[in-house]
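Hello,

I am handing this structure over to you. Please open it first, then read the notes below it.

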Amino acid sequence: MKRIRWGILSTALIGTEKVIPGMLKSDQLEVVAIASRSLPKAEDWARKLGIPKACGSYQELLDDPTIDAIYNPLPNPQHVPMTLAAAQAGKHVLCEKPMAMNAAELEVLRPWTSKVHIREAFMVRHHPQWTETRERIRAGEIGELQFMQVPFAYHNTDPGNLRNMIDQGGGALLDIGCYAIVAGRWFFEAEPERVIVTIDRDPVFRTDRTSSGVLDFGRGRQLVFTVATQSASYQRVQLVGTRGRIEIQIPFNAPLDSGCRYDIDDASALDGAGIRSVTLPVHDQYQLQAEAFGRAIRDEVPTAAGLDDARANMRIIDALFASETSGRFERP
């Protein structure tokens, strides 16, 4: 089996702290280079992580003929331009979420989707707590899934942090609301017909610091979410069906020091007497994500499916922002 050779486009913390360490656990791939606009910074991280090559420019990384795939964790406004540059250089691209600032931006990538694989980096879809839960729903263990509740929050008021810079795609909806949306699309296995949101914006940053939305998936199926950037850290996925419910305890930041847990409630008692817990072994969702992308590179013909998936997510976010202005339901 060919080991996919990866280049990392920047020293962003999501890469150096989570994605690259996950990749380095795998025997199916090699992380061969990391790039920064500062060569000393690239060299420092290459040394810390044991990466053979440091590049002092992004173009140097893209020009390396030995690299098969690029991981792009640059700030949101650079996702599309640098993904395009990588695709033009013949590299497959795994791009951090959200892949764009809006859905229209993504169309420039479409001509390249038949040449290279382009996918959005939603690592959660590769973790067993998500795949197992969806299989239980498919098997009818909680009856028909009717509604979902997704709270996701953290506290960050640092003005120098990209999450608080509106021109860099900061704010709750783009940063973590995209995960709530993916959860709805993943577990309902459908697209919402209409959406609405209420937003509270930081008076200085102008980013949405608390956003609550409703996604209507038709046939009575609804996702209700709240995402916040200045609240106590908290996250859950609640899935409620006609005969029971499932609750994923840490659905997005799956821990690496203990197994993940989800609860299945047969709804026999309001005091929780009908709950049984399932604890999974430790899995690194970033490792699983990179390995899945590698399998696609080895075994599948490139198509527009990855771009279409990212576009569907961005259309929902666009519609939510439109709803903030209109005050009514909008169609993605």
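One term first: two strands count as paired if DSSP finds at least two bridges between them. Also keep in mind that this is a predicted model.

Strand 1 (residues 4-9) and strand 2 (residues 29-35) run parallel, joined over six bridges. Gly7 faces Ala33 of strand 2. Arg5 stands opposite Glu30, also in strand 2. Between these two strands the chain passes through helix 1 (residues 13-23), and this β-α-β crossover is right-handed.

Strand 2 also pairs with strand 3. That pairing is parallel too, over three bridges. Here Ala33 stands opposite Lys53 of strand 3. The chain gets from strand 2 to strand 3 through helix 2 (residues 39-49), in another β-α-β crossover that is right-handed.

How much of strand 2 is buried? Six of its seven residues are, so the strand is largely enclosed by the rest of the structure.

In a regular strand, side chains alternate between the two faces of the sheet. Have that in mind as you step along the strands.

**The aromatic rings**

The count comes to nine aromatic pairs. Two of them deserve a view of their own.

Take Phe122 and Tyr179. Their rings are edge-to-face, 5.4 Å centre to centre, with 85° between the planes. Phe122 lies in the loop between strand 6 and helix 5 (128-138), while Tyr179 is in helix 6 (residues 172-188), so the pair ties together parts that are 57 residues apart in sequence. Phe122 and Tyr179 are buried.

Next come Trp130 and Phe252. They form an edge-to-face pair as well, with centres 6.1 Å apart and 65° between the planes. Trp130 belongs to helix 5, and Phe252 sits in the loop between strand 13 (245-248) and strand 14 (261-265), so this pair links parts that are 122 residues apart in sequence. Both of these residues are buried.

Which residues do the ring pairs link into a cluster? They are Phe122, Trp130, Phe152, Tyr179, Trp186, Phe187 and Phe252.

**Charges over rings**

Two places are worth a look. Lys48 lies over the face of Trp45, 4.5 Å from the ring centre. Arg194 has its charged end over the ring of Phe329, at 3.9 Å from the centre.

Last, find Asp263 in strand 14. Is Asp263 buried or exposed? Buried means under 20% relative accessible area. Asp263 has 8%, so it is buried. Its side chain makes a polar contact with the side chain of Arg261, at 3.1 Å.

**Where to begin**

I would begin with strand 2, which pairs with strand 1 and with strand 3. Finish at Asp263 and its contact with Arg261.

Best wishes

Definitions and conventions. Residues are numbered from 1 along each chain as its sequence is written. This is a predicted model: local features need pLDDT of at least 70, side-chain atom pairs count only at pLDDT 80 or more; totals for chains, interfaces and linings use all residues. Side-chain values use heavy atoms; hydrogens and water are left out. Helices (H or I, at least four residues) and strands (E, at least two) are DSSP runs, numbered from the N terminus. Rings of Phe, Tyr and Trp (its six-membered ring) pair if their centres lie within 6.5 Å; planes under 30 degrees apart count as stacked, over 60 as edge-to-face and the rest as tilted. Buried means under 20% relative accessible area, exposed over 50%, partly exposed in between (1.4 Å probe, protein chains only). A charge sits over a ring if NZ of Lys or CZ of Arg is within 6 Å of the ring centre and within 35 degrees of the ring normal. A crossover is right-handed if, with the strands pointing away from the viewer, the path from the first strand over the helix to the second runs clockwise. A polar contact is a pair of N or O atoms within 3.5 Å; within protein, one must be able to donate a hydrogen and the other to accept it, and residues adjacent in sequence count only if both atoms are side-chain atoms.
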